[in-house]
Amino acid sequence: MNALLWILQVLLALAFLAHGWILLVPPASIVDQMNAVMSRGLQLFIGVAEILAVLGLTVPALTRIQPWLVPAAAFGLMIVMISATLFHVARGEVSSAITTLVLLLIATFVAYMRWRVMPIRSRTAV
């Protein structure tokens with residue numbers, strides 16, 4: 001189960017690293033399309049939140065310093081994915097809504113498992 005959780009954490013981290021980066025530094029070819037859908041300020045906010053979640057999913061787990069940040073980061077992604085799913089449903093973008101719903105389910109599973117079932121142990125004082 002621990003290996004599955006690590007795989008899911010890494011997959012979430014990769015997905016949100018890619019999406020967060022695109023929101024922070026969009027390719028010139030899609031800037032106008034992105035700005036037509038949401039404000040630049042919202043794009044920056046979501047991009048920063050996603051990059052911080054990537055750090056929260058990985059760094060505390062690898063270092064075992066403040067490991068409670070792992071489920072907290074996954075919970076933050078749950079909030080982002082609930083909002084994203086509602087956004088895509090409202091726009092009639094079914095395939096995007098399904099994608100965000102799957103990411104929501106993965107983030108929910110990681111958050112619960114790392115909080116209640118298999119938390120990462122903190123480093124012990126030497």
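Me: How many helices and strands does the protein chain have?
Reply: This is a predicted model. From the N terminus on, its elements run α-α-α-α-α. The count for the protein chain is therefore 5 helices and 0 strands.

Me: What box do the C-alpha atoms of the protein chain fill?
Reply: The box is taken along the principal axes. Of the 126 residues in the chain, 34% count as buried. The box for the C-alpha atoms is roughly 55 × 25 × 20 Å.

Me: Among contacts between residues at least 6 apart in sequence, what percentage join residues at least 24 apart?
Reply: The contacts considered in the protein chain are those between residues at least 6 apart in sequence. Of these, the part joining residues at least 24 apart is 65%.

Me: Are H4 and H5 roughly parallel or roughly antiparallel to each other?
Reply: The axes of H4 (residues 69-90) and H5 (residues 94-117) come within 8 Å and cross at roughly 160 degrees. Angles over 145 degrees count as roughly antiparallel. The crossing of H4 and H5 is left-handed. From the angle, H4 and H5 are therefore roughly antiparallel.

Me: By class, how many residues are in the contact of H4 with H5?
Reply: On the H4 side the contact includes Phe75, Met78, Met81 and His88. On the H5 side, Leu101, Leu104, Arg114 and Trp115 are among the residues met. By class, the contact of H4 with H5 has 18 nonpolar, 5 polar and 1 charged residues.

Me: Which element gives the most residues to the largest nonpolar core?
Reply: This core has 18 residues, and those with the most contacts inside it are Leu12, Phe16, Leu57, Leu77, Met81 and Val110. Two or more residues come from each of H1, H3 (40-63), H4 and H5. The element that gives the most, with 6 residues, is H4.

Me: Which residues does Val110 contact, leaving aside neighbours within four places in sequence?
Reply: Val110 is one of the residues with the most contacts inside the largest nonpolar core. Val110 is also one of the H5 residues that meet H4. Leaving aside those sequence neighbours, its contacts are Leu5, Leu8, Gln9, Leu12, Leu57 and Ala74.

Me: Is Leu5 buried or exposed?
Reply: Leu5 lies in H1 (residues 2-24). Beyond four places in sequence, Leu5 touches Phe109, Val110, Met113, Arg114 and Met118. Its relative accessibility is 0%, so Leu5 counts as buried.

Me: How far apart in space are Leu5 and Met113, C-alpha to C-alpha?
Reply: Met113 is among the residues that Leu5 touches. In sequence, Leu5 and Met113 are 108 residues apart. In space, C-alpha to C-alpha, they are apart by 7.9 Å.

Methods: Residues numbered from 1 in each chain as written. Predicted model: local features only at pLDDT ≥ 70, side-chain atom pairs only at ≥ 80, totals over all residues. Heavy atoms only, no water. Axes fitted to C-alpha atoms, helices over the stretch in contact; angles between N-to-C directions. Helix = DSSP H or I, 4+ residues; strand = E, 2+ residues; numbered from the N terminus. Parallel < 35°, antiparallel > 145°, perpendicular 65-115°, else oblique. Left-handed = near helix turned anticlockwise from the far one by under 90°. Contact = heavy atoms within 4.5 Å. Nonpolar A, V, L, I, M, F, W, Y, C, P; charged D, E, K, R; others polar. Buried < 20%, exposed > 50% of the residue type's maximum accessible area, 1.4 Å probe, protein only. Core = buried A, V, L, I, M, F, W, Y, C linked by side-chain atoms within 4.5 Å.
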